[in-house]
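This report describes the fold of one protein chain, from its overall dimensions to individual residues. Please look over the sequence and the model before reading on.

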Amino acid sequence: MQADERQRRILARARANGRVDVGDVAAELDVAPETVRRDLKLLDQHGLVRRTHGGAVPVETAGYETGIAYRATSHLPEKRRIARAAADRLGDAETVFVDEGFTPQLVAEALPTDRPLTVVTASLPAAAALSGTPSVTVLLLGGRLRGHTLATVDHWVLRMLGEMVIDLAYLGANGISREHGLTTPDPAVGAVKAKAVAVSRRRVFVGVHTKFGVSSFSRFADVADFEAIVTDPGLSTADSQRYAVLGPKVIRV
């Protein structure tokens with residue numbers, strides 16, 4: 001098997017399973033573990049995977065994005081802790097933007113129910129999660145529905161957001177890095193996120209540690225645009241300090 005074909009198979013397996021293990025791939029392809037490690041190093045250099053201890057996980061790109069089912073099962077305890085800590089930063093905000101994605105949806109579910117809130121979102125799951133809460137007014141942004149994430153995009157969403165001034169936005173990303181800021185694979189999604197950043201007075205990023213040091217296709221914000229980054233202890237203390245130097249408070253829960 002040629003190296004390029006072997007690397008395509010490794011990448012396909014990573015994307016199908018959410019990760020690959022060096023030993024398993026070596027046995028499956030009948031090659032030495034050192035060969036798999038070299039392949040993973042090359043795929044990492046090309047921005048297609050991110051190496052981990054004993055294997056690698058796929059990086060979301062313009063041609064690949066994880067779906068709702070995977071996001072709802074990956075790092076779930078960490079995402080729930082992040083969501084609760086992010087909701088605690090609500091302060092005196094009365095209008096809130098909730099981004100698409102599973103972790104922002106968990107933030108929506110963790111928002112207090114003992115006070116009036118207006119929540120603006122492009123996410124159908126987030127809107128549905130809040131629909132039964134009497135104290136919350138939900139404004140669902142209309143537009144083209146992306147079946148992959150059940151969220152709306154395109155000019156209708158941007159037009160509606162452009163008419164608002166929002167107190168606080170909770171945003172996720174497919175990748176966040178000090179060099180390239182916050183990124184996402186789809187430019188249409190990036191445009192919605194960028195508009196939410198522009199019309200919000202305060203912004204909080206929510207995401208697990210695997211998002212850090214990763215860059216996707218469409219850039220929509222700088223790290224300095226955020227008052228806080230809420231993540232888990234998988235982000236090292238040293239890396240936390242490097243992000244905090246750019247402006248936001250980094251909270252690991």
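The sections below move from the whole chain to its strands, its cores and a few single residues.

## Basis of the description

This is a predicted model, in which local features need pLDDT of at least 70 and side-chain atom pairs count only at pLDDT 80 or more, while totals for chains, interfaces and linings use all residues. Residues are numbered from 1 along each chain as its sequence is written, and side-chain values use heavy atoms, with hydrogens and water left out.

## Overall dimensions

The protein has 10 helices and 15 strands, where helices (H or I, at least four residues) and strands (E, at least two) are DSSP runs numbered from the N terminus. Its radius of gyration, taken over C-alpha atoms, is 19 Å, which agrees with the value near 18 Å that a compact globule of 253 residues would have; the globule rule is 2.2 Å times the number of residues to the power 0.38. Along the principal axes, the C-alpha atoms fill a box of roughly 60 × 40 × 30 Å.

Buried residues make up 49% of the 253 residues; buried means under 20% relative accessible area, exposed over 50%, and partly exposed in between (1.4 Å probe, protein chains only). Among contacts (heavy atoms within 4.5 Å) between residues at least 6 apart in sequence, 60% join residues at least 24 apart.

## Parallel strands around strand 5

Strand 5 (residues 117-121) has 4 of its 5 residues buried, so it is largely enclosed by the rest of the structure. It pairs in the parallel sense with strand 4 (residues 95-98) over 4 bridges, and also in the parallel sense with strand 6 (residues 136-140) over 5 bridges; two strands are said to pair if DSSP finds at least two bridges between them. Val-119 of strand 5 is the bridge partner of Val-96, and Val-119 also stands opposite Val-138 in strand 6.

Both pairings belong to β-α-β units. Strand 4, helix 6 and strand 5 make a right-handed unit, and strand 5, helix 7 (residues 124-130) and strand 6 make a right-handed unit as well. A crossover is right-handed if, with the strands pointing away from the viewer, the path from the first strand over the helix to the second runs clockwise.

An open sheet of 3 strands has the order 1-3-2, with antiparallel pairing. Strand 1 (20-21) and strand 2 (49-52) stand at its edges, each with a single partner strand, so one side of each is left without a neighbour in the sheet. Strand 2 is joined to strand 3 (residues 55-58) by 4 bridges, and in this pairing Val-49 stands opposite Pro-58.

## Nonpolar cores

A nonpolar core is a set of buried Ala, Val, Leu, Ile, Met, Phe, Trp, Tyr and Cys residues joined through side-chain atoms within 4.5 Å. The largest has 30 residues, and those with the most contacts inside it are Phe-97, Leu-141, Leu-161, Ile-176, Leu-182, Phe-205 and Ile-229. Two or more residues each come from helix 8 (155-162), strand 9 (166-171), helix 9 (187-199) and strand 13 (218-221), with helix 9 giving the largest share, 6 residues. Leaving aside neighbours within four places in sequence, Leu-141 is in contact with residues including Phe-97, Val-120, Val-157 and Leu-161.

A second, separate core of 27 residues includes Ile-82, Leu-106, Leu-168 and Val-206. Ile-82 and Val-206 are also in contact with Thr-103, as are Lys-79 and Ala-83, when neighbours of Thr-103 within four places in sequence are left aside. Thr-103 is found in helix 6 (residues 102-110) and is buried, with a relative accessible area of 8%.

Most residues other than glycine have a negative phi. Asp-30, in the loop between helix 2 (22-29) and helix 3 (33-45), has a positive phi near 60 degrees and counts as exposed at 70% relative accessibility. Leu-150, in the loop between strand 7 (144-146) and strand 8 (151-153), has a positive phi of about 55 degrees and is partly exposed, with a relative accessible area of 32%.

Arg-8 lies in helix 1 (residues 3-17) and counts as partly exposed at 49% relative accessibility. Arg-8 and Pro-77 are 69 residues apart in sequence and 32 Å apart in space, C-alpha to C-alpha.
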